[in-house]
Amino acid sequence: MKSKIKKYNPESIKGFTLIEVMVALGVTVIALSAIIAVISQMITTSTLMQQKTFASWIAQNYITELRLKNESPNVGSTKGTIFYANSEWFWDAATSETGIEGLYRVDVEVGLFESDNSIQNVSGFIGAPKARGVANNTWNINKIRFQDNQ
């Protein structure tokens with residue numbers, strides 16, 4: 001009776017060697033670590049952009065509040081803090097004259113309270129206060145046409 005045991009033939013065995021598997025794992029680890037590094041950088045950039053957006057809104061809100069007071073701002077520096085978007089923020093506003101009567105420049109720096117670095121700087125201009133209900137006559141189209149016809 002013949003034995004059914006086959007002889008070992010290296011050419012008939014199909015599969016990967018240990019070295020091939022190790023090289024494939026090494027390539028996979030390098031690719032995954034590069035992907036993780038890119039994702040981490042994207043998260044950091046996204047967080048920074050969110051903070052810059054919030055800081056810009058805070059600065060613009062401060063300038064808008066000064067405009068809505070409808071009074072000439074005090075020349076000088078003002079500091080304060082605000083709780084916004086689940087974070088404590090600081091702002092530092094510097095109001096200066098522009099050389100044009102009744103026009104003031106407001107520069108606002110905003111940053112997170114934990115750090116001393118400002119994240120965003122916003123500049124705005126505030127004109128002389130107007131009586132309530134009175135439009136700005138400088139931009140009145142009828143007045144411009146009348147001046148041109150003279």
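Modeller: The bridge partner of D107 is S123, which belongs to β4. The model is predicted, so local features are reported only at pLDDT of at least 70 and side-chain atom pairs only at pLDDT 80 or more, while totals for chains, interfaces and linings use all residues. Residues are numbered from 1 along each chain as its sequence is written, and side-chain values use heavy atoms, leaving out hydrogens and water.

Strand β3 (residues 104-112) pairs with β4 in the antiparallel sense over 7 bridges; two strands count as paired if DSSP finds at least two bridges between them. Helices (H or I, at least four residues) and strands (E, at least two) are DSSP runs numbered from the N terminus. The open sheet consists of 4 strands in the order β1-β2-β3-β4, with antiparallel pairing. Because β1 (76-84) and β4 (120-126) stand at the edges with a single partner strand each, one side of each has no neighbour in the sheet. On average, neighbouring strands are turned by 20° against each other, direction ignored.

Helix α1 (residues 18-68) packs on this sheet and touches β1, β2 (87-97), β3 and β4, contact meaning heavy atoms within 4.5 Å. The direction of α1 makes about 20° with that of β4; axes are lines fitted to C-alpha atoms, for helices over the stretch in contact, and angles run from 0 to 180 degrees between N-to-C directions.

The whole structure contains 3 aromatic pairs, that is, rings of Phe, Tyr and Trp (its six-membered ring) with centres within 6.5 Å, classed as stacked under 30 degrees between planes, edge-to-face over 60 and tilted for the rest. F54 and Y84 are edge-to-face, at 5.7 Å centre to centre and 85° between the planes. This pair joins helix α1, which holds F54, to strand β1, which holds Y84, 30 residues apart. F54 is buried at 17% relative accessible area, whereas Y84 is partly exposed at 26%; buried means under 20%, exposed over 50% and partly exposed in between (1.4 Å probe, protein chains only).

Y62 and W91 form a tilted pair, 4.5 Å centre to centre with 35° between the planes. Since Y62 lies in α1 and W91 in β2, the pair ties together parts 29 residues apart in sequence. Both Y62 and W91 are buried.
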